[in-house]
Amino acid sequence: MSDLALDISLTVNGETVRERVEARQTLVDFLREDLSLTGSHIGCEHGVCGACTVRVNGEIVRGCLMLAVQCDGAKVETIEGISDSGEVADLQSAFEQRNALQCGYCTPGMIAAAQDLLKRGGVPSRDEIREHLSGNYCRCTGYHAIVDAVEAVARARAGGKQ
Amino acid sequence: MKPASFAYKKTRSLEEAVALLGEHKDARLLAGGQSLIATLNMRLSAPNLLIDINGIGGLNGIAKRGGTVEIGALVRHAQAERSETIARHAPLIARAMPHIGHVAIRNRGTLGGSIAFADPAAELPACLMALDGEVDATGPKGKRTIKAEGFFKGLFETALGPQDVLTAIRLPAATADTRVGFAELARRHGDYAIVGLAASARADGKGLADVRLSFFGVGSTAVRARKAEAALSGGAIDDKRLDAAIAALDLDPHDDVQATAALKKHLAGVLLRRVAKQLLEART
């Protein structure tokens, strides 16, 4: 019989982590409860709200729709790693300047999803920004300021390269 | 912990997956997990074993073989979205892809999982029906092929047996006179549709032949609107023919949490008008 708990080894924000996890534990619960990385938030727990967005092997995923055991051997990056590296410093400051957050609950997921779009390069249209962030709920801002912030950063990054 | 306790086994072979399904009556296959894990979190489903099939080789290819496009069951939505082969030879799938969930969902979700789950409001089962596609499944007696028409049996119910693993989807490759159309209405981009329509046809002079209209979100499976298909076929598509096709829409939706039956029926007509326009566009 296979196991109810398994040993996994992965890197989280560049550090190697070895833990024994229950098969039923979701990735976001593992990050928050076992590793105390509480920047990834839990909203709906069924893939609708995007508050738990993290990167696995470079791609954004729902932390609530992946199991921790599935991340054996994977490279996981949370908002703590993504922000500590300075990769999204401009996004963070644009969100702050444009009031693109109020309660802040959605912000880690929102920043991770926005960075996923912006790292593809170019200046996306407002429609493209809205579509890319369509899987991330914000219940405070009405999204307009968030789209403003992401658009401003896209323009600034494109300008900086010219 | 949200889900009830279960065991987990990652398998690297199809044979082992089939055998495990035989040994454990209450096991579920884990592919992309984007529907399954949500149901586990809400304890709508409580299997005793998850068989992770993501490590099985050979199930994540996209290839055109003769007149057929074959898509491995473990191809992820994001992979299909970026595929040149899909864009050129399976344009209906390419059109549908951006409507499926959101980026983070499409990075994990698989085409095989979506077909096997058979959600009545999902895009891909409807596309498979519109294209007259088929699926391959492997079970204890070996491999078999099932046509789309006989595959979707009911609400979340397919022709797959308890020990079957869906391994591939096959679609006829588009030709120069293939026409496709896709549209859906959802409250938020990426959510399950209130009503959606996947359609294919063959250009025939000024009109269309072999029209296949596959509506989703209007029944317990995707459904063909055969009377509307007939009304749309056989001559130039003008307002009169389009109105007749909409009047002929043979759908029987039920009220659900999103919309009343009457609203769904109305929206189906709106979608047919939009999709008919797409069907008339020549391929580039």
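**Close-ups of a predicted two-chain model**

**View 1. A facing pair of valines in chain A.** A:Val56 sits across from A:Val76, a residue of E5(A). The strands here are E3 (residues 53-56) and E5 (residues 75-77) of chain A, which run antiparallel and are joined by 2 bridges. As background, strands in a sheet pair through backbone hydrogen bonds, and the pairing can be parallel or antiparallel.

**View 2. Where the two domains of chain A touch.** Chain A splits into domain 1 (5-82) and domain 2 (86-161). Taken over C-alpha atoms, the centres of domain 1 and domain 2 of chain A are 22 Å apart. Across the boundary, 14 residues of domain 1 of chain A are in contact with 14 residues of domain 2 of chain A. Which elements of chain A each supply at least two residues of the domain 1 side? They are E3 and helix H2 (79-84) of chain A, and E3(A) gives the most, with 3 residues. By class, this side of domain 1 of chain A has 7 nonpolar, 6 polar and 1 charged residues.

**View 3. Chain A against chain B.** Here 31 residues of chain A are in contact with 26 residues of chain B. On the chain A side, the elements giving two or more residues are strand E4 (59-62), helix H4 (107-118) and helix H5 (126-132). E4(A) gives the most to that side, with 4 residues. Sorted by class, the chain A residues that touch chain B come to 12 nonpolar, 11 polar and 8 charged.

View 4. Most residues other than glycine have a negative phi. A:Asn13 is not a glycine, yet it has a positive phi of about 50°. You'll find A:Asn13 in the loop between strand E1 (5-12) and strand E2 (15-22) of chain A. B:Ala118, also not a glycine, has a positive phi of about 60°, and B:Ala118 lies in the loop between helix H7 (111-117) and helix H8 (123-130) of chain B. Is each one buried or partly exposed? A:Asn13 has 19 other C-beta atoms within 10 Å, so A:Asn13 counts as partly exposed. B:Ala118 has 22 C-beta neighbours inside 10 Å and is therefore buried, since the cut-off for buried is 20 or more.

**View 5. Chain B as a whole, for context.** Chain B carries 12 helices and 14 strands. Its C-alpha atoms fill a box of roughly 60 × 45 × 35 Å along the principal axes. A compact globule of 284 residues would have a radius of gyration near 19 Å, and chain B agrees, at 19 Å. Buried residues account for 48% of the 284 residues in chain B. Of the chain B contacts between residues at least 6 apart in sequence, 62% join residues at least 24 apart.

Terms used
Residues are numbered from 1 along each chain as its sequence is written. Chains are lettered from A and ligands numbered from 1 in the order in which they are written. This is a predicted model: local features need pLDDT of at least 70, side-chain atom pairs count only at pLDDT 80 or more; totals for chains, interfaces and linings use all residues. A residue is buried if 20 or more other C-beta atoms lie within 10 Å of its own, exposed if 12 or fewer, and partly exposed in between; C-beta atoms are placed from the backbone. Two residues are in contact if their C-beta atoms, placed from the backbone, lie within 7 Å. Ala, Val, Leu, Ile, Met, Phe, Trp, Tyr, Cys and Pro count as nonpolar, Asp, Glu, Lys and Arg as charged, and the others, Gly among them, as polar. Two strands pair if DSSP finds at least two bridges between them. Domain bounds come from an automatic or database domain assignment. The radius of gyration is taken over C-alpha atoms; the globule rule is 2.2 Å times the number of residues to the power 0.38.
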